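Student: I've got a model open and I keep running into labels. Can we go through where they come from?

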Amino acid sequence: MYICPNCKKVFDSPLKFCYECGTQVVNVEQQPQYQPNTYNQNFYQQNPYVATPYYQPQRPSKAKEIIGMILSISGFASSIIGIIYTILFMAIEPSAGFFMGFIFSLECFPCSLIGFLFSKGCINNGSTSKLSSVGKALGLAGVIISSVVLFLTFACIGFME
């Protein structure tokens, strides 16, 4: 059985083109038959206005934000104290300036870095709290200042001779 896809005229004999409209005739027996979707009949019957739930990541706890803030503040404050002590002791006694700067750097750098990483992790997990933003800024400032203190301590070695 042959059918014209344009004018839908049916032919019993094989023709290449429909003699009514000139469109190429199609053999119906060779065409794959359309199979209706049987595995999900309710797909189009669902209410399109119902919101589908989506995954929301869990916000970090306030404890993590507070820990990051405390570590950042303590690292920043001790790095400020360390740079003041290093400069004062370097002017008085270079070996004492080296010792004070080195000790403060050992304490300040890890504390500031851990506070910075805690606060940055809270921000990356969706925290919108000011604690995390301020903790990240103070932690980064503490890392930079403690690096300067460490640089000054090794600069004191040149003054010791």
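This is a predicted model: local features need pLDDT of at least 70, side-chain atom pairs count only at pLDDT 80 or more; totals for chains, interfaces and linings use all residues.

Student: Okay, to get going: how many helices and strands are there in the chain?

Tutor: The chain has three helices and three strands.

Student: What makes strand 1 and strand 2 a pair?

Tutor: The rule asks for at least two bridges between two strands. Strand 1 (residues 2-3) and strand 2 have two bridges, in the antiparallel sense, so they pair. In that pairing I3 sits opposite V10 of strand 2.

Student: And what is the order of the strands in the open sheet?

Tutor: The three strands come in the order 2-1-3, with antiparallel pairing.

Student: Why is K8 called exposed?

Tutor: Exposed means over 50% relative accessible area. K8 has 54%, so it gets the label.

Student: On to helix 1. How do you know that its span agrees with its number of residues?

Tutor: Helix 1 covers residues 62-92, which is 31 residues, and at 1.5 Å a residue it should span 45 Å. Its end C-alpha atoms are 45 Å apart, so the two values agree.

Student: What makes E65 and K62 a salt bridge?

Tutor: You need a side-chain nitrogen of Lys or Arg within 4 Å of a carboxyl oxygen of Asp or Glu. For E65 and K62 the closest N and O atoms are 3.6 Å apart, so the pair passes. By this rule the count comes to one salt bridge.

Student: Where do the two partners sit along helix 1?

Tutor: E65 and K62 are three residues apart, which puts about one helical turn between them. An α-helix has 3.6 residues a turn, so residues three or four places apart point the same way.

Student: What percentage of the chain is buried?

Tutor: Buried residues make up 27% of the 161 residues.

Student: Why is I84 called partly exposed?

Tutor: I84, in helix 1, has a relative accessible area of 46%. That value falls between the 20% and 50% cut-offs, so "partly exposed" is the label. The C-alpha atoms of I84 and G101 are 9.2 Å apart, while the two residues are 17 apart in sequence.

Student: Which residues make up the nonpolar surface patch?

Tutor: The patch is about 620 Å² and consists of F99, F102, I103, L106, L150, F154 and I157. Helix 2 (94-124) and helix 3 (130-160) are the elements that give two or more residues. Helix 2 gives the largest share, four residues.

Student: What label does G139 get, and where does it lie?

Tutor: G139 lies in helix 3. With 0% relative accessibility, under the 20% cut-off, G139 counts as buried. G139 and L113 are 26 residues apart in sequence, with 6.1 Å between their C-alpha atoms.

Student: Last one: why is N124 called exposed?

Tutor: N124, in helix 2, has 59% relative accessibility, over the 50% cut-off, so N124 counts as exposed. N124 and R59 are 65 residues apart along the chain, and their C-alpha atoms are separated by 9.6 Å.

Technical notes
Residues are numbered from 1 along each chain as its sequence is written. Side-chain values use heavy atoms; hydrogens and water are left out. The expected span of a helix is 1.5 Å times one less than its number of residues. Patches are made of residues with over 30% relative accessible area and no salt bridge: like charges are joined within 9 Å, nonpolar side chains (Val, Leu, Ile, Met, Phe, Trp, Tyr) within 5 Å. Accessible areas come from the Shrake-Rupley method with a 1.4 Å probe; for residues, only the protein chains shown count as cover. Buried means under 20% relative accessible area, exposed over 50%, partly exposed in between (1.4 Å probe, protein chains only).
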